[in-house]
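Subject: Structure handover and notes

Dear colleague,

Here is the structure that I promised to pass on to you.

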Amino acid sequence: MIIDINDIRAVRQIAGNVDEERVNIYIKEAELLDLEPVIGADLYERLTNIGTIVLDDAQTQLQDENGGDIYIEAEGDLPNNEFKLLNGGYYKDECGVRHRFEGIKKALAYFSYARFVRNHSTQVTPFGIVNKLGDDSNPADARSIAAISADAHRIAEDYLAHAMKFWHCVERARANAAHGSNPRKKRFVAIGD
């Protein structure tokens, strides 16, 4: 997984005694249903495979001269643009305008939180679906829960859209470099004799 419960706690409050495994279900759902369709399977795989460097579709791993697998030990070992996509930062677009964006980790934290808030108080029991309540708690009404979830989901979509603007800018720059063109350089073509 790209994030864990602590990444969600960094953006929204979750009680300390919430079972991490219960939250991980919503993180995985958010990764597969909200993030991966937007960033694509190839990029998603690269970002979730921190620890191994896979070279091709046959899952060949990059190896050192002794035949040992080479691992990415942390996000900091990722190429700069992938690291920035995960964690956010600043970039200049093709027109030279500077932009700031939050990374996809923060977007994913909000997507996961939105899913968690909608579903965390319900339990499936042999007697049906029930809402768990504590001695000192009052249940929030469905409208409040829906509003909190919708707000987190809207923030997540906005953060992801800004991160993808950065990523598309990176991809255009790579394509231009591969074709030897500079989008900011004017080209003049002679016409006529």
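H2 passes H6 in a right-handed crossing, where a crossing is right-handed if the near helix is turned clockwise from the far one by less than a right angle, and left-handed if anticlockwise. The model is a predicted one, in which local features need pLDDT of at least 70 and side-chain atom pairs count only at pLDDT 80 or more, while totals for chains, interfaces and linings use all residues. Residues are numbered from 1 along each chain as its sequence is written, and side-chain values use heavy atoms, with hydrogens and water left out.

On the H2 side the contact (heavy atoms within 4.5 Å) is made by Asp34, Leu35, Val38 and Ile39, and on the H6 side by His153, Leu160 and Met164. By class, the contact of H2 with H6 divides into five nonpolar residues, one polar and one charged, where Ala, Val, Leu, Ile, Met, Phe, Trp, Tyr, Cys and Pro count as nonpolar, Asp, Glu, Lys and Arg as charged, and the others, Gly among them, as polar.

H6 also packs against H5, at an angle of about 160 degrees and with the axes 8 Å apart. That makes H5 roughly antiparallel to H6, and the crossing of H5 and H6 is left-handed. Among the H5 residues in this contact are Ala107, Tyr110, Phe111 and Ala114, which meet H6 residues including Ile148, Ala152, Tyr159 and Ala163. The contact of H5 with H6 has 15 nonpolar, two polar and three charged residues.

For the overall layout, the protein chain has six helices and four strands, helices (H or I, at least four residues) and strands (E, at least two) being DSSP runs numbered from the N terminus. Along the sequence they follow the pattern α-α-α-α-β-β-α-β-β-α. Of the 193 residues of the protein chain, 30% count as buried, with buried meaning under 20% relative accessible area, exposed over 50% and partly exposed in between (1.4 Å probe, protein chains only).

Turning to the aromatic residues, the structure holds six aromatic pairs; rings of Phe, Tyr and Trp (its six-membered ring) pair if their centres lie within 6.5 Å, and planes under 30 degrees apart count as stacked, over 60 as edge-to-face and the rest as tilted. One of them is formed by Tyr91 and Phe101, which are edge-to-face at 5.7 Å centre to centre, with 75 degrees between the planes. This pair links Tyr91 in strand S1 (residues 88-92) with Phe101 in strand S2 (residues 98-102), 10 residues apart. Tyr91 is buried at 11% relative accessibility, and Phe101 is buried with a relative accessible area of 3%. The rings of Tyr110 and Tyr159 have their centres 5.7 Å apart and their planes at 75 degrees, so that pair is edge-to-face. Tyr110 lies in helix H5 (residues 104-119) and Tyr159 in helix H6 (residues 142-178), so the pair ties together parts that are 49 residues apart in sequence. Tyr110 counts as buried at 9% relative accessibility, whereas Tyr159 is partly exposed at 21%. Tyr91 and Phe101 also belong, with Phe166 and Trp167, to one aromatic cluster.

Two further residues of H6 may be of use to you. Cys169 lies in helix H6 and is buried at 10% relative accessibility; leaving aside residues up to four places away in sequence, Cys169 touches Tyr91, Lys92, Asp93 and Glu94. Ala142, also in helix H6, is exposed with a relative accessible area of 62%.

Finally, in helix H4 (residues 80-87), Glu82, Lys84, Leu85 and Leu86 are buried, and what covers them includes helix H3 (41-48), S1, S2, H5 and H6.

Technical notes: Axes are lines fitted to C-alpha atoms, for helices over the stretch in contact, and angles run from 0 to 180 degrees between N-to-C directions. Angles under 35 degrees count as roughly parallel, over 145 as roughly antiparallel, 65 to 115 as roughly perpendicular and the rest as oblique.
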